[in-house]
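We will go from stop to stop, selecting as we go.

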Amino acid sequence: MRYGTHYRVPLVLLLGMVQFTPDLASLVGIGEIPCNMEETGPVRGGLVQMKEFSHKTVVRPVPSNFVWRLHGGRRSSSTNSIEFGDMAVDVPVPRGSFDPWNQQVKEENGRCKGCAKISKARAVAHLPESPDLPSHASTIETVNDTMPTPSLQPPDLDDGCPDSAPEQLQELKHNGSVLAIAVSDDYIFAGTSKGEIAVWSLGTYRLVATIQAHKRSVLCLFLTDDSRYLLSSACEPIVSVWCPKTFTRLYEIYSTYDVGDVFSIAYSAQHESVYIGTQTQDIQWVHLKDPKRRVMHDSNSHPDRRQHRFFDSRAIGGTSTPRRTEEHYALIPRAQTVLEMDAGAVRQYAHYGWVFCMRIAKGPTVLVDPDEEVLISGGGDGTIKLWRLSEEGPEYEDGERVKGDIEELMVLGQDDSESVMSLVIDGSFLYAGKLQGIIELWDLDTKQKLRVIKAPDGNVNTLKMDFGLLWSAGTGGSASKHSTLHYGRDPNGASQNVSQKYQCLSRWKAHDGKILSSAVTAHQNDQLFITGANDNTVRVWRVNGMPTQAEEGVGKSEDMMITSLREFVSYKTVSSRPEFTEDCRKGATFLGSLFKRLGAQVEMLSTDKLHNPVVFAKFSGKLEPAEKRKRILFYGHYDVVPADMKADSWQTDPFRLVGQNGYLYGRGVSDNKGPIMAALYAVTDLLQAKVLDSDIIFLIEGEEESGSRGFQETIRKNKDLIGHIDYVLLANSYWLDDDVPCLTYGLRGVLHATVCIDSRLPDLHSGVDGSNMMSEPLTDLTLLLSKLKDRKNHVNLPMFYDGILPVTEEEEARYDEIANILMRRNPANGPIDVLKRSLMARWREPNLTIHRYNVSGPDGSLISSHATANVSIRLVPGQEVDDVIASLKSFLRAEFAMFESDNTLTIRIDNKAEPWLGVPGNYIFRTLEEAVMRAWGGAGAGANGTSGVNGTNGEAAPTKSRKPLYIREGGSIPAIRFLEKEFNAPAAHLPCGQASDAAHLHNERLRVVNLLKSREIFGTVFRKL
């Protein structure tokens, strides 16, 4: 049997025990609600069954390097953070501008004083040349632990929702808070904190009746779909069933258990049963027509008459506490029928929290028949449960059976703990209103959380779906309407992508208090949204008519991917410049919020060093069990290189996305913000189509343009969170030209070094002090660096070329194909053998470059006491970075020793990245190749970009297709080889842009067709992998 011994404790003790569920007063904000000990004396409605389970609140230590976390509507942060909205942001300390040779990486001798002196002098000289510094830049320069920390983050999810209120038709006043609303064709019903149900005419808004329905506050009103019954519950264990036309009390229902308050009610027409969600975490039910459940009005089992173990107990010689009574108790109408719930008609611990909301839905998931009714419940434990309903329950020892039963069918949100306050169902889509203004969208067919929608401020106490819109309201007093899949359908009736929906169309301050309930209806050609709050009012809003300007924009507006990219580009996420530190953090916050809204689990990963955070986002696939899912990691970066806004080189504002002639212009649009948006919205496409089987993990760093500082350390530290990875995918480069799609399978590695020569003497005048008896640092440095290469550009480091992989026949054929294509496109590239040799030299051969000299002292005829030069070495597969570093150091030290100089040599390694070589024939490259051919095949990827759009729009691609070019590149991406080795997973690289994208240059751009095609390619790859 599912029922057993129960123990009763006062409500106040329960509140102290069940810490994960907010108390009712905090939820509804009603001072006069009689659900507390002070107003009710002995709280009979508040007596509960004490369940035999242990609950302990685990307080996890917050690491000092933690920045912020976004997960399922919760937030946590380090203790020194400042919260804004749903985020908490650690305050960073600005760092120096990025220079690959200007890192604080120390050799055994530490950073030489000469370099430090030059850096400091340059920093001082640079300050007057930075008009774009924020007004608080001077303050930032002196940040310390004792200073107050400035805000870096605006309020979360500032989505620009229009603040426009619909027409208010009526304001209906009452003398108590309005906790519940229901509406029929003729009446508006409002449950109040006085235990009354106020009834107004829907046509004239005249008060028709005031019914004393309960002793204490009415918590729930529910009108059945056929308008046959109006059900009410309250801060007491009594449920009433009313006739919504005559206001007759048809049934009085109670439980044999002390259930406390009844928060929610649902009714199944198929089973003619009432289901209640209680304060004691149970769901109970009763069949209205079950004759065995009928009892006399004066039954001793009634909560008003039965012996209470706690309040009616007494010591020897003592007396029991008198039962409270008030005049309005006598005004409650006598019910025609009294029903006592079967003791077996209960699902104990349906939730480990109060059962705040319930709904009956017909066929909401493929797990049941289309016409089968399912009970959906939401609880204070953060979970949503679906229950299968049946006619027969468990059997008693005497052979009799309980009338009805519920069987757990599905559980959602187990990784969350934020209370579910409201539910609304739309086909297989379920919306859950939660605390802190969060609405979650779940797909009941795939059990996936599709996205998170930001609703009104405060807890989302009420959700409604009607007129193709999602209506919400909460404790902040604001109401909102969002577009849904049913809004803005095309002429053929097909809805747009899920990523184009759920935009906030309007948000307005509907009440001066906390909105606790709402209803939607149509009456006399008017569409009405009705709200009730603890300001003792019901307000009726007319929401029909022509769409607002914002609503019109939804149907006609650009794709949400481009809208998101537009905002993404607006953040000046320049990781190499300290004046843009705040913008980098804001850009990371925007990206994390976007991932979260689209349904991902999101966390911001960082270390104790002051680097920009890595945005972690995980989209869960639908394949069960989860262990069978493939896990695909997409790597990208949200930081960009600087854009010179003072010169006339940019034709547009680099941080404002501008569309011209089929291209999108803006800093980072091609490198790497556009590809990130394409990959993200490819996932939303798959979620909407219910075909995402694999888990997709995004790791988007903010330091790639600055040598990926702290990235490896951050990933290693959070490897358990990231989990195992099967494939690594990135899109951070470009085609060879503007016409032929490519796949990149190789990148060179790199190491950056600084070579310094220092004198024991200060800066001297060359005329007064210069002589052939003096060792000059700059001369020594010049002679030393000349030893690194010969006249044929051959690098002289010992064993430098050992281990380089030979050219295979397959690779040779690739270079021949690439050279032939480039020659056909532009004969000026030739001759062909020189072009091929140039490609091989840039892609698969190492090189050493001396970049610049720096000396101490002002300009003039000086002998500088310090001379330094920056050196980079590009490495290829077969060369080990650490071996080359050791060879470089030993070679320079040996050569310098031969000078017999009085000066000292310092060598510092500033940055390094391993080379990467993929396997073009493996599964991930084959999948990418097929996806590229499907998207671009036969469509023509030419510069005009007018063809090939059909594939993106879902039409069949032409049959003619060609393989993409397999290319290598001379540049370096530090993360790719690291991720491949760290997770033991093969990596592949999809270039999204064209050669003319001008990444890192002025007027950076990305063709719209390339963006859309990349989204299509990512979708195919994510689905097939």
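**A tour by selection**

Start with Leu463: it stands opposite Ser472 in strand β31. Keep in mind that this is a predicted model.

Now widen the selection to strand β30, residues 460–466. Six of its seven residues are buried. Together β30 and β31 form a hairpin, with two residues between them. Click on Phe467 in the turn: its phi is positive, about 60°.

Next, the aromatic rings. How many aromatic pairs are there? The count comes to 32. Select Phe619 and Phe698 and show their side chains. Their ring centres are 6.0 Å apart and their planes stand at 75°, so this pair is edge-to-face. Phe619 belongs to strand β38 (residues 614–619) and Phe698 to strand β42 (residues 695–701), so the pair ties together parts 79 residues apart in sequence.

Move on to Tyr635 and Phe711. This aromatic pair is also edge-to-face, with 5.5 Å from centre to centre and 70° between the planes. Tyr635 lies in strand β39 (residues 631–637), while Phe711 lies in helix α10 (residues 711–717), so the pair ties together parts 76 residues apart in sequence. Tyr635 counts as buried at 2% relative accessibility. Phe711 counts as buried at 1%.

Now look for charges over rings. Select Lys673 and Phe568. The charged end of Lys673 sits over the Phe568 ring, 4.9 Å from its centre. Then select Lys1013 and Trp936. Here Lys1013 lies over the face of Trp936, 5.6 Å from the ring centre.

The last stop is helix α18, residues 974–982. How many of its nine residues are buried? Seven are, and the helix is mostly covered. Colour the buried ones: Pro974, Ala975, Ile976, Phe978, Leu979, Glu980 and Glu982. Finish on Asn984, which follows α18 and has a positive phi near 50°.

Methods:
Residues numbered from 1 in each chain as written. Predicted model: local features only at pLDDT ≥ 70, side-chain atom pairs only at ≥ 80, totals over all residues. Heavy atoms only, no water. Buried < 20%, exposed > 50% of the residue type's maximum accessible area, 1.4 Å probe, protein only. Helix = DSSP H or I, 4+ residues; strand = E, 2+ residues; numbered from the N terminus. Pairing = 2+ DSSP bridges. Phe/Tyr/Trp six-rings, centres within 6.5 Å; stacked < 30°, edge-to-face > 60°. Lys NZ or Arg CZ within 6 Å of the ring centre and 35° of its normal.
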